[in-house]
Amino acid sequence: MLTLLDMKPILEIQNIGKKYRIQHLAGGYLSLRERMANALKFERNTAEDFWALKAVSFEVQPGESIGIIGRNGAGKSTLLKILSKITPPTSGKIVSRGRIASLLEVGTGFHPELTGRENIFFNGSLLGMKRIEISAKFDEIVDFSGVEKFLDTPLKHYSSGMQLRLAFAVAAFLEPEILIIDEVLAVGDAEFQKKCMNKMGEVVREGRTIIFVSHNLSAVKNLCGKAILIENGTIRSEGQASSVLDDYVSSNLEATENSIDLSQIKRNNFEGALRFGAIKFAKSVLQFGENIVFSLVLFAELNLLLSDINIAIAINDSNGACLIHASNEFVNIRLGFHGDQMSYIVNITNNLRPGRYSITLFLRAKGIIQDWLTDVVAFTIEDGNPYGYSNTNMIQGLTLPEFSIIAT
């Protein structure tokens, strides 16, 4: 009989490295007239090697669910593109012992001119499925995706949300041995995200292998037994999800000078016994696209045992307009409080324009407003793009971002 010790890893990542060659053109971007005028001049171009990944090695056992976490630009998506065979590694090798389905972005592996029906069979074939296997799952895929009415419409006429639902349904229901998912759930609406999380939970319980990249730490904690923290292209830590998440949070919250005592701030007299005690920012000055990470400390004068509390965060611009509104209730995260003090880590996707912002905090428990602090702390977002921050996805009005909050 085959034992766990005899089982070979379903994925072996052996010293993977990925190098890119970055060109630096002297003089920057020039117009055609400037190019012609300078045609006879000597321009010195420089180039440098950039290693997006360096000597990354780990193993994935059959049935494991592994979360890949790290800051923006750490190398997470590059790793998944290599695992999905979208791009080859510069060094090292990967040994795969199962079919891989990847969901890295909306529309990956789909053809815009084909109908939804044709794309289901097309994508299934790319995964190595036989037509009879795809047909057996066809009705479940269509039902989950909710695109039955448009099944015979070319994919190019689908909205991005419809494409996402169809892509996720194909990847989840065609039962590959290895399912790779990268941040894709951030595109869907709240109801669909919940539906996808439930489906991924089913996939994990069925014993299939999942590699999941997300900034939603709560989702990683709930879905994944193990986690890997990538920092500057290398593995910083690997192990049980809870310990790796703790390492990630501590690496984000090393700056103690950004801690603000909230206990002495004057506030209205609410009936509850719970209060915000402190807020500690990972950084008070962020680059565009860098996640907003901070910890909140709650305290009570007497020991309390509360099974269901609601923490809401609003981010306002310099004119007082609320641009981001996030709450654990919006993402179906249950938070409790026990004792006289607890800490919670908040992680919010940052897609705000460069500028000055403030945070409003709201706390409710047992149907009673416990605490409410308006514009309690300010932070700044700088433009890290030397060519300007023109980005059609930047927040201009109230939105519900990708958001996680974890009790520590």
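Asp152 is exposed, with a relative accessibility of 53% (exposed means over 50% relative accessible area, buried under 20% and partly exposed in between, with a 1.4 Å probe and protein chains only). Asp152 forms a salt bridge with Arg117, and their closest N and O atoms are 2.8 Å apart; a salt bridge is a side-chain nitrogen of Lys or Arg within 4 Å of a carboxyl oxygen of Asp or Glu. Because Asp152 sits in the loop between H4 and helix H5 (160-173) and Arg117 in helix H3, the pair ties together parts 35 residues apart in sequence. Arg117 is partly exposed, at 32%.

This is a predicted model, in which local features need pLDDT of at least 70 and side-chain atom pairs pLDDT 80 or more, while totals for chains, interfaces and linings use all residues. Residues are numbered from 1 along each chain as its sequence is written, and side-chain values use heavy atoms, without hydrogens and water.

The whole structure holds 14 salt bridges. In one of them, Lys226 pairs with Glu64, with the closest N and O atoms 3.8 Å apart. Lys226 belongs to strand E8 (residues 226-231) and Glu64 to the loop between strand E2 (46-60) and strand E3 (65-69), so this pair links parts 162 residues apart in sequence. Glu64 is buried, at 18% relative accessible area. Lys137 and Glu140 form another salt bridge, at 3.7 Å between the closest N and O atoms; they are three residues apart in helix H4, about one helical turn.

In helix H2 (residues 76-83), six of the eight residues are buried, including Leu79 and Ile82.

Technical notes. Helix = DSSP H or I, 4+ residues; strand = E, 2+ residues; numbered from the N terminus.
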